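Please read the following account with the sequence and the coordinates side by side. It moves from the sheet to one helix, and then to contacts between side chains.

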Amino acid sequence: MKLDMHMHINGAGVHWGWDHNDLIIDAADRLGIDKLCVSIPVMRGMPTMEQVRVCNDAVLEAMGTYEGRIMGYCYIVPGHAESIDEIDRCLDRGMIGLKLYNQYKIWDPVVYPTIEKAIAEKIPILEHAGYPTTPEHWAPQPNMSHAGDFVRAARRYPEAMLIEAHIGGGGDWEWAIKQLRHAPSVYLDTSGSVIDEGMVEMAVRELGAERLLFGTDMTMEGGVGKITGADLTDNQKERIFWKNMQEILDRRQASC
């Protein structure tokens, strides 16, 4: 069983590097990925509420097209007054969590109502993150959250299911792992194109296998390979590949 908890699809005029969503499903079949949790965020600037809705509508359409394979995150920009209504709309249609991108830091007070809504609904928040090591790599995304930001948010909301995205997304992943030792409630996903030796093992050693979630973020072969090739027990791999994320999803179901 493999549950990819961080993937994207094409739609809403956003192209993620795959010619067609059918090819994503085909790749998942070949790699033994049973389900994919997807979103379509707007990567640059401050999108309008209408742009946000269009992105979510495209995910909802894919959930119907690939029923049983695609689960959707509701993408929102917390600064929009209509965001809570959009969360309700998406959850009512079967989405499983929230996706935040780089418009606000995860600890920004404007994000508080979103986190509080996620707590009330018992759903996870997957937040885009990174820790670039040069000013030029920070410049395009000045509000991108890093591990220290997650620690700050988790101290205010320890009951929230916050997920720091793509430890393999670039930047200083060792620093990020060490920071997250101070926030035991925060999860870390393994996605990203960086497949440095020892990355997954260090995350397990420092945080515990129960806090790691398997994701690919479009690097599907590498995403699977960095778990299968890691020096971990079969039980640890199983927890990372699907059990941890399934337990997160089960919390909402158990409350209904």
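The paragraphs below go through the strands, a helix, the aromatic and charged contacts, and some backbone angles.

This is a predicted model, in which local features need pLDDT of at least 70 and side-chain atom pairs count only at pLDDT 80 or more, whereas totals for chains, interfaces and linings use all residues. Residues are numbered from 1 along each chain as its sequence is written, and side-chain values use heavy atoms, with hydrogens and water left out.

Two strands are taken to pair if DSSP finds at least two bridges between them. Strand β2 (residues 35–39) pairs with β3 in the parallel sense over three bridges, and V38 has G72 in β3 as its bridge partner. Strand β3 (residues 70–75) is in turn joined to β4 by three bridges, again in parallel, with L98 of β4 as the bridge partner of C74. Three bridges also join β4 to the parallel strand β5 (residues 125–127), where L126 stands opposite K99.

The chain crosses from β4 through α4 to β5 in a right-handed β-α-β crossover, and β3, α3 and β4 likewise make a right-handed β-α-β unit. Right-handed means that, with the strands pointing away from the viewer, the path from the first strand over the helix to the second runs clockwise. In a regular strand the side chains alternate between the two faces of the sheet. In strand β4 (residues 97–100), G97 and K99 point one way and L98 and L100 the other way, and all are buried, where buried means under 20% relative accessible area, exposed over 50% and partly exposed in between (1.4 Å probe, protein chains only).

Which residues of helix α3 are buried? In α3 (residues 83–92) they are S83, E86, I87, C90 and L91. Seen down the helix axis, these buried residues fall within an arc of 130 degrees, so they line one face of α3; the arc is that of the directions from the helix axis to the C-beta atoms. On the other side of the helix, D85 and D92 are exposed. Just after α3, G94 takes a positive phi of about 105 degrees.

Side chains of opposite charge can pair when their charged atoms come close. The structure holds 13 salt bridges, each being a side-chain nitrogen of Lys or Arg within 4 Å of a carboxyl oxygen of Asp or Glu. One of them joins E86 and R89, at 2.8 Å from N to O, and these residues, being three apart in helix α3, are separated by about one helical turn. E86 is buried at 2% relative accessibility, whereas R89 is partly exposed at 26%. Another salt bridge links D149 and K105, whose closest N and O atoms are 2.7 Å apart. D149 lies in helix α6 and K105 in the loop between β4 and α4, so the pair ties together parts that are 44 residues apart in sequence; both residues are buried.

Rings of Phe, Tyr and Trp (its six-membered ring) pair if their centres lie within 6.5 Å, with planes under 30 degrees apart counted as stacked, over 60 as edge-to-face and the rest as tilted. By this rule the count comes to four aromatic pairs. Y112 and Y157 form an edge-to-face pair, 5.7 Å centre to centre with 70 degrees between the planes. Y112 lies in helix α4 (residues 112–121) and Y157 in the loop between α6 (147–156) and β6 (162–164), so this pair ties together parts that are 45 residues apart in sequence. The rings of F214 and F241 have their centres 5.0 Å apart and their planes at 70 degrees, so they too are edge-to-face. F214 is in the loop between β8 (212–213) and α9 (220–228), and F241 is in helix α10 (residues 234–255), 27 residues apart.

Finally, H166 has a positive phi near 35 degrees although it is a residue other than glycine; H166 is placed in the loop between β6 and α7 (173–180) and is buried, with a relative accessible area of 8%.

Notes: Helices (H or I, at least four residues) and strands (E, at least two) are DSSP runs, numbered from the N terminus.
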